[in-house]
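This briefing goes through one structure by topic. Please look over the sequence and the model before reading on.

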Amino acid sequence: MNTLAAFALLTIKSPRDAAMQILARDWPREALWTAFLLSVVLNTCVYTLQQVLFPLPPEVLLPRFAPGAYFAVILVLQLSFIAMLATTGRWLGGQGNLPSLLALITWLQLLQAALNGAIVVVFLVLPALGALLNIAANIVVFFILLHFVNAAHRFGSVWRSLGVVLMASLILVFALLFIVGLIGPANLGLPENV
């Protein structure tokens, strides 16, 4: 447990060094996929806990997912995002591949689940501090993501990894909008004209 905490601290303080340590290991495929599924399960548990403790008011027009549906959505979105990070990084001259990005993003998701779990506990005691910590955690996770993508693709520039993350995100958003348009917003429980 102390090793994990120390590595989490290293990830926050020096994401590039943490990424290099993750990339230096030859992870078995089964271990990678098991850890990835565990990260999705843990994030689903934290989401469910947030929904139970802090339910959104009915007037807020955000989709509410059952735990199983949330798990499926996050699983598909994370896999798609990892694939887009690998593809767009190669378009920009990177050398990263799917297994290396899967290892890095899986660790980042596990770290994020732990941070979000801690933030839920803080929210119960000091909601204002919890809100500030939530914003700070999202900024830190994004900062780590940029360094992880940079290390995976061996860019030597965080700005190029920012371009990869933005391109991957935009492609994913357009793909989701296209799918929602095909299915129809009403079939998903969303208002047809917003």
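In which helix is Thr 106 found? Thr 106 is found in helix H5. The model is a predicted one, and the secondary structure of the protein chain comes to 7 helices and 0 strands. The points below begin with the chain as a whole and then turn to particular residues.

**Overall make-up**

- From the N terminus on, the elements of the protein chain run α-α-α-α-α-α-α.
- The protein chain has 194 residues, and 33% of them count as buried.
- Among contacts in the protein chain with a separation of 6 or more, 68% are accounted for by residues 24 or more positions apart.
- The protein chain exposes about 11500 Å², and 72% of that area is supplied by carbon and sulfur atoms.

- Thr 106 has a relative accessibility of 3%, so Thr 106 counts as buried.
- With neighbours within four places in sequence left aside, Thr 106 is in contact with Leu 32, Ala 35, Phe 36 and Ser 39.
- Asn 116 also has its place in helix H5.
- The relative accessible area of Asn 116 is 14%, and Asn 116 is therefore buried, as the cut-off for buried is under 20%.
- Asn 116 is in contact with Asn 43, Val 46 and Asn 134, again leaving aside neighbours within four places in sequence.

**Aromatic pairs**

- A search of the whole structure finds 5 aromatic pairs.
- In one of the pairs, the ring centres of Phe 7 and Trp 107 are 5.2 Å apart and the ring planes are at 55 degrees, so this pair is tilted.
- Phe 7 lies in helix H1 (residues 2-13) and Trp 107 lies in helix H5 (residues 98-125); the pair therefore ties together parts that are 100 residues apart in sequence.
- Phe 7 and Trp 107 are both buried.
- The rings of Trp 33 and Phe 36 have centres 5.9 Å apart and planes at 85 degrees, so that pair is edge-to-face.
- Helix H3 (residues 29-53) holds both Trp 33 and Phe 36, which are 3 residues apart, about one turn of the helix.
- Trp 33 counts as partly exposed because its relative accessibility is 36%.
- Phe 36 counts as buried because its relative accessibility is 1%.
- One aromatic cluster is formed by Tyr 47, Phe 65 and Tyr 70.

- Trp 27 has its place in the loop between helix H2 (15-24) and H3.
- At a relative accessible area of 35%, Trp 27 is partly exposed.
- Arg 25 lies over the face of Trp 27, at 4.6 Å from the ring centre.
- Leaving aside neighbours within four places in sequence, Trp 27 is in contact with Ile 22, Leu 32 and Ala 103.
- Trp 27 and Ala 103 are 76 residues apart in sequence, and their C-alpha to C-alpha distance is 7.9 Å.

**Nonpolar surface patch**

- A nonpolar surface patch covers about 1100 Å², and the residues that make it are Leu 49, Val 52, Leu 53, Phe 54, Leu 124, Val 125, Leu 126, Leu 129, Leu 132, Leu 133, Ile 135 and Ile 139.
- H3, H5 and helix H6 (127-153) are the elements that give two or more residues to the nonpolar patch.
- H6 supplies 5 residues, the largest share of the nonpolar patch.
- Val 52, one of the patch residues, is found in helix H3.
- Val 52 has a relative accessible area of 61%, so Val 52 is exposed, the cut-off for exposed being over 50%.

**Backbone at Arg 154**

- Most residues other than glycine have a negative phi.
- Phi of Arg 154 is near 55 degrees, a positive value in a residue other than glycine.
- Arg 154 is found in the loop between H6 and helix H7 (158-183).
- Arg 154 is exposed, at a relative accessible area of 58%.

Conventions
Residues numbered from 1 in each chain as written. Predicted model: local features only at pLDDT ≥ 70, side-chain atom pairs only at ≥ 80, totals over all residues. Heavy atoms only, no water. Phe/Tyr/Trp six-rings, centres within 6.5 Å; stacked < 30°, edge-to-face > 60°. Helix = DSSP H or I, 4+ residues; strand = E, 2+ residues; numbered from the N terminus. Buried < 20%, exposed > 50% of the residue type's maximum accessible area, 1.4 Å probe, protein only. Lys NZ or Arg CZ within 6 Å of the ring centre and 35° of its normal. Contact = heavy atoms within 4.5 Å. Patch = residues over 30% accessible without salt bridge, like charges linked within 9 Å, V, L, I, M, F, W, Y side chains within 5 Å. Areas by Shrake-Rupley, 256 points an atom, 1.4 Å probe, with all protein chains shown as cover. Salt bridge = Lys/Arg side-chain N within 4 Å of Asp/Glu carboxyl O.
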